[in-house]
Amino acid sequence: MTSQTNPPTTADLSPYDAVLLLGFGGPEAPEEVMPFLRRVTAGRGIPDERLESVAEHYHHFGGRSPINDQNRALLAALRAELDGRGIDTPIVWGNRNSEPFIDDALREAYAAGQHRLVALTTSAYSSYSSCRQYRENLADALGTVTQEGLSFEIDKVAQYAPRPGFAEANLGELVRALRALDGAPDAEIALLFVTHSIPDAMDDTSGPGDGEGNLYQRQHLALAARLTQEANRVLGRDLTGELVFCSRSGPPTQPWLEPDVNDRMRELAAAGVRTVVTAPIGFVSDHMEVVYDLDTEAQETADELGLTHVRVPTVGTDAAFVRDLVDALLERAAEARGEAVPQFEGRMPSVCAPGCCPNLRQARPALCGSD
């Protein structure tokens, strides 16, 4: 498995004069936790009493999410990769739900004379919450700074879950984790690929409006199958991988994607499994959903059941992942210049199609799409 997609040979991000890294955001102190959660859930009518229970996840780690530090590390890794290719295009960073906010990043770019931006999200998959909502937040931020007299052109790198570098980086982490289990029988090992659960209706409508839907789940299943096949080939094993979910947050009456990772671990233990390997392919770094839902809750479940739990690292700043993100930026710039770019299975369009991953609560403006 290789990340080579024959990217444009020109080390040039023109016509863009800055890269905008878009993050989800997270609190960095206890007093920021509830304001952060209120921003995340704005418009959904969730009372503070319910948010307080989620806040405990953050307080378990001193009220500080790891996500912003991980974005700082990714920024540094992207900067180093760009510099190594002789590309001096600046990078600015904006979050949806915590400082630095997207509108602040736009102001920073404008003050530096950067008006044509290419956005890169820290979310790899296609769904409303992992793609269109970022585009809505971009539109909100642009609307805010436009009222201040600032103008921009903003494009976006396509969702990159199908890209070969994302697969290569995940495979490397998975193989390293599985090597520690040499000697353990295949029949006693369960390989669980973990991602964030979303409402069934959001998954049903993920993907282009004229498509078959369920693209969020299909992208995960395709990557899980690829990783399982490649890991078995490299290690000479015969493991079976399956997709499970974490971080469900909706009301019990609303169907969300299942099975939950903890529920599945209980079923597997009853069937004779002795070791559970959790590979959080739905996340690009160790978000709260990884360090709490897997390293804390799933580990507690494993301890209760007498299971060995091996948690595979996320791709983070893996060299193959960062290299491929820069390839994706170069390809997006080539597209903007009217040049051809390499194709691969599952490649998403850089401009989202009409009706792609719709907002099921209300129609809102979104950038970087054709509707």
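Entry 1. I looked up glutamate 28 and found it partly exposed, at 23% relative accessibility. The model is a predicted one, so I treat each value as computed from it. Glutamate 28 pairs with arginine 64 in a salt bridge, and 3.0 Å separates the closest N and O atoms. I then checked where the two residues sit. Glutamate 28 is in the loop between strand S1 (18–23) and helix H1 (33–40), while arginine 64 is in the loop between helix H2 (48–59) and helix H3 (67–84); the pair therefore ties together parts that are 36 residues apart in sequence. Arginine 64 also counts as partly exposed, with 33% relative accessibility.

Entry 2. I went on to helix H4, residues 102–111, where arginine 107 and aspartate 104 are three residues apart, and so separated by about one helical turn. These two form a salt bridge, and their closest N and O atoms are 2.9 Å apart. I noted a relative accessible area of 27% for arginine 107, which makes it partly exposed. Aspartate 104 is partly exposed as well, at 36%.

Entry 3. I asked myself which residue forms a salt bridge with glutamate 230. The partner is arginine 233, with 2.8 Å between the closest N and O atoms. Both lie in helix H8 (residues 215–235), three residues apart, or about one turn of the helix. Is glutamate 230 buried or exposed? Glutamate 230 is buried, since its relative accessible area of 15% falls under the 20% cut-off. Arginine 233 is exposed, because its 55% relative accessibility is over 50%.

Entry 4. I also found salt bridges that share partners: they join Arg116, Glu153, Asp155, Arg332 and Glu335 into one network. For the whole model I wrote down a count of 33 salt bridges.

Entry 5. The largest cavity holds about 90 Å³ of space. I listed its lining: Val157, Ala158, Gln159, Tyr160, Arg163, Ala328, Arg332, Glu335, Phe344, Arg347, Met348 and Ser350. By type, this lining divides into six nonpolar, two polar and four charged residues.

Technical notes:
Residues numbered from 1 in each chain as written. Predicted model: local features only at pLDDT ≥ 70, side-chain atom pairs only at ≥ 80, totals over all residues. Heavy atoms only, no water. Salt bridge = Lys/Arg side-chain N within 4 Å of Asp/Glu carboxyl O. Helix = DSSP H or I, 4+ residues; strand = E, 2+ residues; numbered from the N terminus. Buried < 20%, exposed > 50% of the residue type's maximum accessible area, 1.4 Å probe, protein only. 1 Å grid on protein atoms, 1.4 Å probe; cavity = no way out; pocket = protein on both sides within 12 Å on 5 of 7 lines; lining within 4 Å. Points joined across faces, edges and corners; volume = space filled by probe spheres on them. Nonpolar A, V, L, I, M, F, W, Y, C, P; charged D, E, K, R; others polar.
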